[in-house]
Amino acid sequence: MAKIPFKVSARAGKLLGRENFSNPEGAIIELIKNSYDADAKNCFVFFDIPVKIKKDTKGNKVVIPNKEKSNIYIIDNGEGMTKKVIEDHWMKIGTGNKEKDFISDDKRVKTGANGIGRFALDRLGFKTELWTISKKSKQNSGLYWEMDWNQFDEAEKSISEIKAELKQEIFKLRKLIESIGIKHSKFEKLLNSVNFINGTFIKVTNLKDEWYKTNIDEVFKSLEALIPPKELNIQFEVFFSHLQEIGNYGNVETAFFNDYDYRLKATYDSKSLNVHFEMTRNELDLKLVKKQFSHIYKGSRKPFNLKTLETIAFKYSKSIEKVLSWDLNGTNRKLLKDVGSFSLTFYYLKFYNSKKEGYPYKIINRAERKSVLDRFGGVKVYRDSFRVRPYGEPTNDWLKLGARVAQSPAGAGQRVGDWRVRPEQTAGIITISRKTNPLLVDKSDRGALQENDAFDTFKRIIVGVIHEFELDRTKILNPYYLFFKKEKARAKEKEIQERAEKLAEQMVEERKNVEERMYGKRKVDLFQEKREEEEKKKYKKTFEETIREIDDKYSQKENEEIVQVRALASLGLIVSSFGHELKEVKNNATEINLLEGIYKKLIPDSIKKSSKHKEDFDDGLDIIELLKENSDKIKHWVEYSQSAIRKDKRKRSKLDFSAYFKGLRRRWNKIFKTRDIRLKTADRIKGADYDFRAFEMDMDTVFTNLINNSIDSFSNLKAVQDRNITIEFELSDFTIDIIYSDNGVGLSKVFEDKEEIFLPFTTTKRDRKGNDIGTGMGMYLIKNVIEGYNGDVQILEPQEGFSLKLSFPIRKKQ
């Protein structure tokens, strides 16, 4: 049997190139990348676009680019090409030399890998001329290469029949550049300072596109965001010029931020699975802080103390396990290692300072910041120093930062860990490499990275790193929020006292006026003055209580709404956690008792009593009994859901904890039985006379979430054991103290600071890829409730399982 080879038509090769360069802007960028790969320190991009006058369909004269007479120049001072490189690599479609030898002589990681970059020339024009001098050449000896791209349109030709002209010549690159005729002092000064002993000069003629000024502007703007930013400290500059508008453009300026509120530098080490951070705080006016707010930092610990704040920047390291709150195992450990090491520089720039909070912010220039963010904003990805699109484009919120804001819209200082940064106020540079991140690969059209497991994990790490900044900012601003909140409460109390005192004085004066009209003016004595003072005190106290009661009524209305939201959130957590129970029985929960009667009637007595069929009949009864149990489960969960939002639970009233915990046991009894869980209560306040007023729904929020967490914890036990939940409660001098404990797996080791479990959206419940399957809201709601009653919550350290202490302030009756 004969073996025959495939033949590739010239047209197929051309289509392959066009597929990768769908627009001319992308083709120019590809050629600039080639200059970078060649270790060039300078690259010139020139547009020579003459115009012509033409009449439109209405007979009006219009000026359009004359593409047949237009030229594009791409010039660099890189290593140039030898005859062997041109023949073996430049002329070979799909060559893999850059994939194999991806480190340049100057230690740059080469950006190209597919071996089709030369088709960018075909995308731009019908003819290309190229002059190149290799760094190995002597005495200006170089090569001239010429290509007529029309050859690829000849239908009968195979790709091996396409020919380019190549010959050796003596020339100087600088003379070729000068021959273009650019008369501009800035360019001439630059040209005199640049070494052009070796490099490549490309001229594309008879262009395929009409290059209007708007198109050229677009390329220039793209280059600002695409070439290596200044933060990477790579010596590679691009000079851009339009010969017909010589004063425009110039050096392509890249992103550089020196005015920001926060800068976070992070390096992810995939070998050690650690993240190394450098946090720079630049938001607060330190002079104002030291002058007016130094007392706020008394007792604060590093890095949230005044001394660290004054140093501006500080460094620390953290395991990726703790950054992501993700217990590591063999599967996710491999995912995190496969991503590879990378670095991130992240900037936060707010547009304005809100005066409402009163925080001691520095004065900012809003217009300047907006201008910078419009040009360079967004978190962008750079692979081997060149940008990967579309990440960081204005409409490409690839990290879903906007969705996170919608999920948690709180202000930065209100609650620790609750604030999320808006995408339009961010900028960032993420650097990856073909060498260290081989699984972060381009899509076939070079439009983005392939969305595989490595890319998903990559995004998750980045969001986790950004959250480190969010958490730091809330911890810095929260003390100010609490301080101003106390000041506001103090001012309100002062206002109440002043209003009450004024009203009391008015009451006494009015009483004196009435008595004077009725009995005439009396002589004032010392006893009368004392009586009036006592009278004023009584009136003042009465008015203070009345005004506070009115304010409390307004506050109670607001609190009722908050309580309902908490309860609904908790109910959502319950349904989420026990959803599988409902799914298990949803089709078996109707008219089970009726089915049992029909079954017994349909089966003849002879079969029921038959030794051969009696076992089958009994199996049928067992199945019906199982369905009846499932029906009871549904009934229980519906009743529980309804009881959780009962109207009487939404009213603040006196709460008897002894009675409350009895009801809690009754409501959870069936679930505890099905899961072999034992609830123990130690009531040490039975019969005590105390006054604690609360919304019962709030207590449900606390203990429903705690029990829910315990059940999850028991399901993660690796050995069979008793499953116990213990609730102990007793009175102290001014509080009722409740200790809740279970003997499950305990608090995850990812929580270095135990207080982190109270942060919103913090969960260790994840699937194998690291996606959250828990809401992360349970413990946050618990702390929110307790703080709403001016209470306290403390994580304890039991020998096994999990335990915490809740304290609520009470009033003992005399």
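User: Where is Phe 692 found?

Analyst: This is a predicted model. In it, Phe 692 sits in the loop between β20 (690-691) and β21 (693-695).

User: Why does Phe 692 count as buried?

Analyst: Its relative accessibility is 3%. Buried means under 20%. Phe 692 therefore counts as buried.

User: Which residues is Phe 692 in contact with, leaving aside its neighbours within four places in sequence?

Analyst: Among them are Ser 653, Lys 654, Leu 655 and Phe 657. Tyr 789, Phe 808, Pro 809 and Ile 810 are also in contact with Phe 692. Contact here requires heavy atoms within 4.5 Å.

User: What makes strand β7 hardly covered?

Analyst: The count of buried residues in β7 (residues 165-170) is zero, out of six residues.

User: How do you know that β6 and β7 pair?

Analyst: Pairing needs at least two bridges. Strand β6 (residues 141-148) and β7 have six, so they pair, in the antiparallel sense. Within β7, Gln 168 is the bridge partner of Leu 143.

User: Why do β19 and β24 stand at the edges of their sheet?

Analyst: The sheet is open, with five strands in the order β19-β22-β23-β25-β24 and mixed pairing. β19 (677-683) and β24 (792-795) each have a single partner strand, so one side of each is left without a neighbour in the sheet. On average, neighbouring strands are turned by 15° against each other, direction ignored.

User: What packs on this sheet?

Analyst: Helix α23 (residues 778-788) does, touching β24 and β25 (802-809). The direction of α23 makes about 25° with that of β25.

Notes: Residues are numbered from 1 along each chain as its sequence is written. This is a predicted model: local features need pLDDT of at least 70, side-chain atom pairs count only at pLDDT 80 or more; totals for chains, interfaces and linings use all residues. Side-chain values use heavy atoms; hydrogens and water are left out. Helices (H or I, at least four residues) and strands (E, at least two) are DSSP runs, numbered from the N terminus. Buried means under 20% relative accessible area, exposed over 50%, partly exposed in between (1.4 Å probe, protein chains only). Axes are lines fitted to C-alpha atoms, for helices over the stretch in contact, and angles run from 0 to 180 degrees between N-to-C directions.
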